[in-house]
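Let's take a walk through this structure together, from its overall dimensions down to a few individual residues. Please have your viewer ready.

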Amino acid sequence: MSTSAEPAFEFGFLLQINEEAALAVALNDYLTSRSYLAGFSPSQVDQKAFKLLHRPPDPRHVHALRWYRHIAALQQDLVPDGSMKGKRVQPPWSPPAGTDVPQLRLYNSLTRTKEPFVPQKGNKVTWYCCGPTVYDASHMGHARSYISFDILRRTLRDYFKYDVLYCMNITDIDDKIIKRARQNYLLDQYKEKKPQAAQILQDVLSAREPFQAHLVSTTDPDKKQMLERLDAAVTAALQPLQAAMEGKAAAEVVQPLAQVLLENSKDLLSDWLDKQFGSQVTENSIFSILPKYWEGEYHKDMEALNVLPPDVLTRVSEYVPEIVEFVEKVVSNGYGYESNGSVYFDTSKFDTSPQHSYAKLVPEAVGDQKALQEGEGDLSISADRLSEKKSPNDFALWKASKPGEPSWDSPWGKGRPGWHIECSAMAGSILGESMDIHGGGFDLRFPHHDNELAQSEAFFENDYWVRYFLHTGHLTIAGCKMSKSLKNFITIKDALAKNTARQLRLAFLMHSWKDTLDYSSNTMESAVQYEKFMSEFFLNVKDILRAPTDITGRFEKWEAAEMELNNSFYDRKAAVHEALCDNIDTRTVMDEMRVLIGHSNSYIASRKSAKMKPNRMLVESIAVYLTNMMKIFGAIEESVYIGFPVRGQSENIDLESTVMPYLTVLSEFREGVRNIAREQKVMQLLQLCDVVRDDTLPELGVRLEDHEGLPTVVKLVDKETLLKEREEKKQMEEEKKRKKEEAARKKQEQEMAKLAKMKVAPSQMFLTETDKYSKFDETGFPTHDMEGKELSKGQAKKLRKLYEAQEKLHNEFLQMNLNGN
């Protein structure tokens with residue numbers, strides 16, 4: 001029907017029909033092809049037509065009858081018999097007040113505070129992350145950044161449901177790479193010549209002179225300690241070789257000692273060779289072999305850590321043309337200048353521009369020459385290079401290549417990209433003039449990221465190249481600074497030899513991504529225990545769900561215990577969401593999940609102690625939720641339904657679903673045997689059942705848990721874990737046995753000592769103490785001390801109590817003998 005304001009139909013012609021039957025026919029014909037139930041109140045024409053009909057139309061006229069009833073339902077007091085009670089309307093409704101919904105906030109280094117996260121284009125998030133400089137093995141410092149960013153990326157994508165485009169670079173042109181590649185090449189050439197022991201000794205001694213001079217002049221305590229360790233290793237290898245050569249030892253004795261010296265001295269020897277012959281290394285391919293190899297190793301490490309690969313990977317060596325164009329644009333915009341074939345960024349010109357600001361991240365670091373020189377690179381801080389710049393704060397966009405460095409053509413001559421420019425050019429080419437997130441390690445804030453911001457905003461002529469800067473915290477090793485340049489680092493492969501990728505990830509999840517994380521045995525033990533705590537819960541839930549039931553038996557009545565656990569479940573989920581909204585605070589999330597597991601364990605234990613089954617659906621919901629959270633964080637990658645995956649020797653085998661039916665049959669058979677053995681008192685069978693549980697099945701990664709009055713629990717657990725548990729149990733039992741034997745021995749010794757004391761007659765107990773007393777009465781009681789002085793009344797009183805106590809003991813002894821004991 002139409003509303004009164006906008007009539008949908010023109011019923012005017014109907015008002016000209018006087019006969020009611022004809023009116024009903026005409027109305028029905030008219031309504032056959034028209035909707036008449038669209039409105040909520042009748043129009044004036046509806047009301048006039050309705051009044052012409054004194055009764056409902058004949059049922060043959062379906063449409064007219066439906067229209068009549070519809071209008072009647074909307075009218076009040078229009079039916080002559082007064083049967084209409086009034087207009088039928090829905091009561092007014094208003095939404096609930098609700099509560100505040102947490103909003104995702106991220107710690108933004110640009111403001112040094114948590115800011116509401118608002119992507120620039122709807123649900124799409126563009127993210128650039130500074131990747132590794134590939135000249136050596138990836139270490140735990142890399143893991144700190146890339147696992148942390150992987151957790152953040154997965155959380156944004158899988159929890160908050162953002163559409164994330166993740167771009168990362170590989171730095172394969174860099175001062176460190178050039179120097180390391182050159183040194184490796186020269187050292188390999190040196191080794192290929194197979195130098196004799198005398199030549200090796202002479203060269204090492206020559207290389208050691210500048211090295212020791214550098215050691216003396218080094219003031220940084222960490223670097224000095226590292227250099228001292230290298231020097232000590234060289235000294236330790238030098239002495240045996242020198243002694244052997246002075247003693248005219250045979251070549252088969254001397255040459256192996258020379259090889260040890262060569263190995264221990266390779267760092268200072270390669271540096272010495274580089275200073276002499278480095279300028280002769282000119283082939284670009286030599287400088288690509290090293291980064292290509294270490295990039296491959298980096299990707300293997302990330303795969304082993306279950307770090308998602310980037311959506312887009314950029315390499316500096318593949319973007320040199322784009323970098324040249326980028327530098328040209330910066331120069332044409334007035335923020336760069338050429339000097340001796342190099343191009344530098346004019347920080348003063350940029351900073352004085354009204355629409356720009358230099359060093360947004362760490363403004364207090366401007367002028368820090370040590371940081372600036374580290375940013376320029378070891379090969380770029382010579383006096384001649386520094387003198388090329390208008391200001392010490394300026395930094396290289398393009399470096400003129402020296403002899404012994406790779407080079408590419410440019411408008412300014414042969415050269416290579418500066419460090420900072422690579423990220424700007426590559427990120428800009430993929431993500432454009434503004435990105436949502438830029439990530440990197442905390443130590444990259446200045447000068448690297450501040451210089452990135454400056455040159456990019458100079459290129460795009462804007463002030464918003466990055467909206468949110470995320471920086472992961474430092475990583476320390478047992479409280480000490482970690483640095484690849486200091487050779488104080490643990491490789492990812494070394495870390496994975498001690499702990500699994502999941503355990504490393506759990507350790508990271510248990511700490512804030514933006515704070516310092518200490519990699520130590522205590523940190524990893526906490527992660528291992530958390531994994532074990534969570535795994536045991538999953539195994540218990542799986543056992544509960546394996547109990548047979550029909551489809552209706554899965555749904556059980558909730559009592560007070562279920563309501564209490566469910567309330568805790570929802571409270572914990574709300575707390576987890578709030579924590580994730582608060583700068584993706586995984587530390588609090590892990591604490592909340594621990595509490596939820598604790599509540600669930602208490603519920604399961606209370607039900608089992610009452611010989612009742614836990615509510616399947618409730619514990620299943622909790623386990624599925626926890627599993628999904630672990631999937632979101634990348635701690636579980638496989639498509640398991642509940643818990644951590646249990647793999648067979650082949651990665652593709654779902655061991656749990658394959659073997660559990662057989663283990664269930666075995667467990668039930670064993671339980672039957674145990675029941676019969678208990679009834680018939682056949683202890684040998686019970687002992688065999690214990691051997692199966694304690695010795696045989698743990699070797700296969702199976703744990704059986706016997707509970708009085710309840711079915712045996714079957715759990716698939718890592719074999720090494722079970723064997724470790726068995727060894728710990730054995731040690732505990734042995735310790736318990738040892739303590740018991742020790743207590744029995746002590747008790748026996750005490751009883752023997754007491755018996756020996758009981759044998760002494762009171763008249764004899766003081767007579768042997770001639771070092772204390774000089775005179776005794778006829779009963780053996782002392783009267784004078786060793787100096788001949790008579791004992792005081794107080795002394796005599798104390799000794800009398802001892803005498804009487806011994807008298808009582810001796811009488812007990814005499815009585816025992818009298819009774820034949």
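A contact here means heavy atoms within 4.5 Å. With that in hand, residues 24 or more positions apart account for 72% of the contacts in the protein that have a separation of 6 or more. Before going further, please note that this is a predicted model, in which local features need pLDDT of at least 70 and side-chain atom pairs count only at pLDDT 80 or more, while totals for chains, interfaces and linings use all residues. Residues are numbered from 1 along each chain as its sequence is written, and side-chain values use heavy atoms, with hydrogens and water left out.

Let's begin with the whole molecule. The secondary structure comes to 26 helices and 18 strands; these are DSSP runs numbered from the N terminus, with helices (H or I) of at least four residues and strands (E) of at least two. The radius of gyration is 43 Å, well over the 28 Å that the globule rule gives for 821 residues, so the protein is more spread out than a compact globule. That radius is taken over C-alpha atoms, and the rule is 2.2 Å times the number of residues to the power 0.38. Along the principal axes, the C-alpha atoms fill a box of roughly 150 × 100 × 65 Å.

How much of the protein counts as buried? Of the 821 residues, 46% do, where buried means under 20% relative accessible area, exposed means over 50%, and partly exposed lies in between (1.4 Å probe, protein chains only). The protein exposes about 43600 Å², and carbon and sulfur atoms supply 53% of that area; accessible areas come from the Shrake-Rupley method with a 1.4 Å probe, and for residues only the protein chains shown count as cover.

Now turn to an open sheet of five strands, in the order E5-E4-E3-E10-E11, with parallel pairing. Strand E5 (312–315) and strand E11 (466–472) stand at the edges with a single partner strand each, so one side of each has no neighbour in the sheet. Two strands pair if DSSP finds at least two bridges between them. Strand E3 (residues 124–129) and strand E10 (residues 435–441) pair in the parallel sense over three bridges, and tyrosine 128 has histidine 438 in E10 as its bridge partner. Helix H15 (residues 419–431) packs on this sheet, touching E3, strand E4 (163–170), E5 and E10, and its direction makes about 160° with that of E3. Axes are lines fitted to C-alpha atoms, for helices over the stretch in contact, and angles run from 0 to 180 degrees between N-to-C directions.

A few backbone details deserve a look. Most residues other than glycine have a negative phi, and most peptide bonds are trans. Arginine 112, in the loop between strand E1 (105–108) and strand E2 (113–116), has a positive phi of about 55° and is partly exposed at 40% relative accessible area. Isoleucine 584 also has a positive phi, near 50°; this residue lies in the loop between helix H20 (560–581) and helix H21 (586–609) and is buried, at 2%. The peptide bond from phenylalanine 446 to proline 447 is cis, with omega near 5°, and proline 447 lies in helix H16 (residues 445–460).

Finally, the cysteines. How many disulfides does a search of the whole structure find? The count is zero, a disulfide being a pair of cysteine sulfur atoms within 2.5 Å. The sulfur of cysteine 129 is 6.7 Å from the closest cysteine sulfur, in cysteine 130, which is too far for a bond. Cysteine 129 is buried at 0% relative accessible area, and cysteine 689 counts as buried at 7%.
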